[in-house]
Amino acid sequence: MNILSVLVNPENTIGLKSIADLAGLTFLVPPYQRGYRWTEVQVTELLDDLLYFGEVRERSRSDTFYCLQPVLIKPLGRQEYELIDGQQRLTTLHLLYGYIRQQYQRGGRLLFTLRYVTRPDSQRFLEALNDPAPPADLAEQAKANIDFTFMHQAWESLEKWFKDQPDPALTAIDLYQTLLKHTQLIWYELPETGGEQGQEQQAFIRLNSGKIPLTNAELIKALFLKRAADDADTDAGRLAFERRQLELAADWDRMEVRLRQEELWFFLNQSASRHPTRIEFLFELHKALTPPPPDEQKLLGNDAYATFRYFNHRLQRASKEALLTAWGDIKDLFLTLEDWYASPRWYHQLGYLIAVGTPLTKLLQAQRDGTKREFAEYVREEIRCTVAGDLTKWEYGADKTQLRNVLLLFNIETLHAGGSYRFPFQHYKSERHLWSLEHIHAQNDKGLRRHQDFVNWLGDVRPYVAKLPGPRPLPEEDDPEQGEGRPDPPTAAEVLERLNRLAAKQVIEKEEFKEVQLTVLELLGEPNLHGIENLALLSTQHNAVLSNGVFAQKRQRILNMERAGEFVPIATRNVFLKYYTQQPDHLSYWTATDRAAYIAEIRRVLVNYLTAPHDAD
């Protein structure tokens with residue numbers, strides 16, 4: 001049996017029920033459920049929440065209500081219900097109401113009754129706790145049974161909590177009013193007849209195996225699939241509505257399957273779904289786009305079931321036409337997102353904005369408020385704002401956000417311009433990869449502290465120094481006169497000799513290592529450059545592997561990553577393969593010519609977004 005089909009059966013009744021509406025009802029706890037197990041912590045948390053809610057409500061004089069999590073029940077007839085899920089909450093409410101009645105009101109009827117199919121003694125003990133004149137040996141009786149023990153501990157927790165209040169009697173009155181007049185629970189009622197045998201137990205197992213609660217999506221689906229009974233409808237009308245319900249269910253499944261495709265999900269979201277069903281994302285998005293008025297928002301609350309209450313408020317008494325119209329709004333929202341995903345232009349432009357933190361609701365609202373031309377210009381301007389400024393003046397330490405934005409946009413637009421590939425946001429946003437800025441030519445002494453670190457670095461870099469064809473190409477500066485008066489740099493052979501001598505020592509001092517390391521880095525490129533000309537985008541995981549390598553080392557490791565099937569951003573790959581330099585004569589160096597060609601390509605690809613150098617000034 002598909003237990004989800006039980007929970008979203010259109011014959012189910014779903015809604016909000018006040019605690020006062022439970023008066024006179026009897027709840028039967030079936031044998032497949034364990035006994036009462038709430039501890040002092042859970043009981044106290046409920047009391048604190050109710051008290052705080054009542055105080056806030058009184059100060060604000062609002063019409064809000066406190067909402068408890070769902071109870072799942074099935075009618076048995078004559079105001080009796082099988083309590084499939086929610087025993088712990090209802091038992092605690094039973095104890096709380098009984099305690100206030102016993103200690104501060106001295107009389108009155110119990111609100112509702114709890115009966116146990118296979119544990120009648122538990123019912124008698126619970127009634128004894130709530131008796132206006134409880135037996136003197138209750139504490140002793142509590143030791144006889146684990147259920148008794150937890151019920152008695154909950155009673156003692158109530159007693160302790162009330163005694164700790166400044167005015168226990170006044171607190172009891174306030175809590176009593178909050179409980180009866182301003183507390184509701186989500187009432188989820190399975191049909192009295194029909195269904196497969198054992199469906200109640202299966203539903204209980206599903207809801208309690210691994211503590212999986214009813215989700216907003218399941219509750220909302222039940223609202224959409226409910227039978228909007230209208231006796232004035234013709235048989236033909238009812239059949240037509242039922243066909244539309246079947247179409248709705250099919251659309252629901254298609255959207256859920258589609259949202260489970262990682263490419264679409266991570267285009268729209270920054271991280272994996274926190275909900276068991278991904279369609280819940282659409283309902284939260286719709287709620288954010290059409291928020292309720294402030295007064296209604298207070299009424300709906302902000303807990304885990306606020307989204308359900310938002311839709312319940314609109315659909316509980318809706319006509320068939322209103323139900324289908326509301327579903328049409330959800331479907332239109334999904335189709336808009338799907339259209340964005342299918343369009344290479346919107347996929348890359350909007351995908352970039354979402355990736356750098358632009359709220360999806362902001363983009364959707366902008367599309368709704370303007371024409372296609374206005375929306376296109378809005379998107380371009382939003383992108384420009386994320387990369388505004390002179391990129392050649394940004395530094396690694398102070399301007400990381402702008403640098404990361406430019407490099408991400410450069411990678412995205414490089415693929416978009418090519419037309420054959422789409423940027424893989426699912427890899428960029430993967431939980432395994434936190435993206436950072438990688439120095440193309442290494443920083444000096446980055447994270448090397450121990451003797452073995454020094455030995456490993458010298459051993460790793462030695463082959464690249466050994467095969468150099470000659471001294472580094474000169475000059476590095478744009479102005480050759482800046483190099484006048486400087487001593488000639490050491491040759492590759494001289495650097496290799498110093499490197500070998502240091503590696504052969506038994507103990508390597510940090511300062512002498514730093515001196516040789518700087519010489520190697522100067523031989524192979526300009527060290528300690530922190531501008532965009534010496535930065536590329538790479539995941540933190542890969543950055544850790546590459547961080548201390550010289551250019552040639554990093555180039556080889558990038559190639560190895562690609563062979564192993566690892567995701568390497570296209571522009572990062574191109575940098576280390578020197579695709580941006582027209583005549584890359586020196587594959588072992590990251591030269592001034594390479595840096596200039598790199599910046600020129602960034603400016604060319606992002607010409608529609610970057611601030612022109614004279615404008616930045």
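Predicted model: local features only at pLDDT ≥ 70, side-chain atom pairs only at ≥ 80, totals over all residues.

W340 belongs to the largest nonpolar core, a set of 104 residues in which W340, Y598 and I602 touch the most other members. The element that gives the most to this core is helix α15, spanning residues 320-342, with 10 residues.

Helix α19 (residues 400-418) and helix α27 (residues 592-605) have axes that come within 10 Å and cross at roughly 70°. Because angles of 65 to 115 degrees count as roughly perpendicular, α19 is described as roughly perpendicular to α27. The crossing in which α19 passes α27 is left-handed. On the side of α19, the residues that take part are V406, L407, F410, E413 and T414, and they meet Y598, E601, I602 and V605 in α27. By class, the residues of this contact divide into six nonpolar, one polar and two charged.

A second pair of helices is formed by α3 (residues 87-105) and α7 (residues 168-181), whose axes come within 10 Å and cross at roughly 140°. That angle makes α3 oblique to α7, since only angles over 145 degrees count as roughly antiparallel. The crossing of α3 and α7 is left-handed. Here L93, L96, Y97, I100, Y104 and Q105 in α3 meet P168, A169, A172, L175, Y176, L179 and L180 in α7. The contact of α3 with α7 has 12 nonpolar residues, one polar residue and no charged residues.

The last stop is a residue in a strand. T26 lies in strand β2, which covers residues 26-29. Is T26 buried or exposed? With a relative accessibility of 15%, T26 counts as buried, because the class takes in values under 20%. Leaving aside residues up to four places away in sequence, T26 touches Q79, E80, Y81, T113 and R115.

Conventions
Residues numbered from 1 in each chain as written. Heavy atoms only, no water. Axes fitted to C-alpha atoms, helices over the stretch in contact; angles between N-to-C directions. Helix = DSSP H or I, 4+ residues; strand = E, 2+ residues; numbered from the N terminus. Parallel < 35°, antiparallel > 145°, perpendicular 65-115°, else oblique. Left-handed = near helix turned anticlockwise from the far one by under 90°. Contact = heavy atoms within 4.5 Å. Nonpolar A, V, L, I, M, F, W, Y, C, P; charged D, E, K, R; others polar. Core = buried A, V, L, I, M, F, W, Y, C linked by side-chain atoms within 4.5 Å. Buried < 20%, exposed > 50% of the residue type's maximum accessible area, 1.4 Å probe, protein only.
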